[in-house]
Amino acid sequence: MPADRTLRNSITDVPGVEVAHVTVAENDVQTGVTVILPCPPSVRHRKFSLGAYAAGGALAWTGVEVAEDFGTFASPIVLCNATSVGAAYDALITRGHKRDPELPVDDGWPPVVVGIDDGYLNDLRRRRVKHDDVIAACDAARGEAPACGSVGVGRGLVALGYKGGVGDASAAARIGADAFVVGVLLVANGGAPRGTSSVRAVSPGFVAIVATDAPLFPAELRWLGEAALRGIDAAVTIGGEEGRLALAFSVANAIDGSLTAPPERLYEARRLGDDGLGPLFDAAARAARAALGKALGEATAVTGRKGRTVEKAPAEIVASLAFVGR
């Protein structure tokens, strides 16, 4: 990242990352889908390093274990409600086949989908998010700062006893003469303000998608994802059974065209020294806290399933959460 670059406090500050939401607000159905692309669709046959950190339960996902085995992925990351995971997975398979009929591991595989339970405000039995909604979100993704709050997958979420949602933020980390950026898109569902225990989410869970332009390998990316969630832990009481998942990827050291390259081809990669990891972990924690503040601060009250209404968090609650990304 250029040292003089001005950040927009968004995960899309990481070069190439694109985001889009599709929101569904229909009486008892209050849900949506959020998509994160690690690079623009015009880029083909590129793999990125990925690390995952998970704790607790109440979350469902596909493709994560396969990506961990490979150490890389080449798929959009789709965030949706728990009963739409299958439809989202199928949509990513369709998208991958359209890009390349062979569905290679460097252009659409493995399909990474994370399901969040939004059943307090959304009638999950309706399974309203469909195949075409996921495709539409992938097609709509842009490198601009996305909307936050009660949009996309955040539409039906409840966090800290108030209206939850989705938020994103970024923070810079200077390591020697180099400057890097860490961006976080956070799904806030569950938890409670420090000193309280009120949770209205049915099966609560926090999900952090962490992107960076720092040259990190899978094990280091796992630590980066964990650092983002630790930043949330410092502000929110989270029960032992609440799900927490962080998926962290780096746009540096991308691998291009590996399936068509000769077998003897070598790929050059940079790696940070261990002493350089601390500033990145701090940036991840700060960005996650700022994203949490945006998720609640930009949310709007929503009335959904069974006539339930969840109000926006008071300003003092939001103020206690947020750090300003930089």
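**Exercise 1.** In this predicted model, find how much space lies in the largest pocket, and which residues line that pocket.

*Solution.* Start with the volume: the largest pocket holds about 150 Å³ of space. Next, list its lining: Ser49, Phe217, Asn253, Ala254, Ile255, Asp256, Arg265, Tyr267, Glu268 and Ala269. Then sort these residues by class, which gives five nonpolar, two polar and three charged. Last, assign them to elements: strand E15 (residues 243-256) gives the largest share of the lining, four residues.

**Exercise 2.** State how many cavities of 30 Å³ or more the model has, and describe the lining of the largest cavity.

*Solution.* The count, with the cut-off at 30 Å³ or more, is two cavities. The largest cavity contains about 130 Å³ of space. It is lined by 17 residues, and Cys39, Val43, Ala74, Arg95 and Arg99 are the closest to its centre. By class, the lining of the largest cavity comprises nine nonpolar, three polar and five charged residues. As for elements, at least two residues of this lining come from each of strand E3 (46-55) and helix H2 (85-99).

**Exercise 3.** Determine the volume of the second largest cavity and the residues that line the second largest cavity.

*Solution.* The second largest cavity has about 40 Å³ of space. Around it lie Ser75, Pro76, Leu92, Arg95, Gly96, Arg99, Asp107 and Gly108. Divided by class, this lining has two nonpolar, three polar and three charged residues.

Terms used: Residues are numbered from 1 along each chain as its sequence is written. This is a predicted model: local features need pLDDT of at least 70, side-chain atom pairs count only at pLDDT 80 or more; totals for chains, interfaces and linings use all residues. Side-chain values use heavy atoms; hydrogens and water are left out. On a 1 Å grid over the protein atoms alone, a cavity is a set of points where a 1.4 Å probe fits but cannot get out, and a pocket is an open set with protein on both sides within 12 Å along at least five of seven lines; lining residues have an atom within 4 Å of a point. Grid points are joined across faces, edges and corners, and a volume is the space filled by probe spheres set on the points. Ala, Val, Leu, Ile, Met, Phe, Trp, Tyr, Cys and Pro count as nonpolar, Asp, Glu, Lys and Arg as charged, and the others, Gly among them, as polar.
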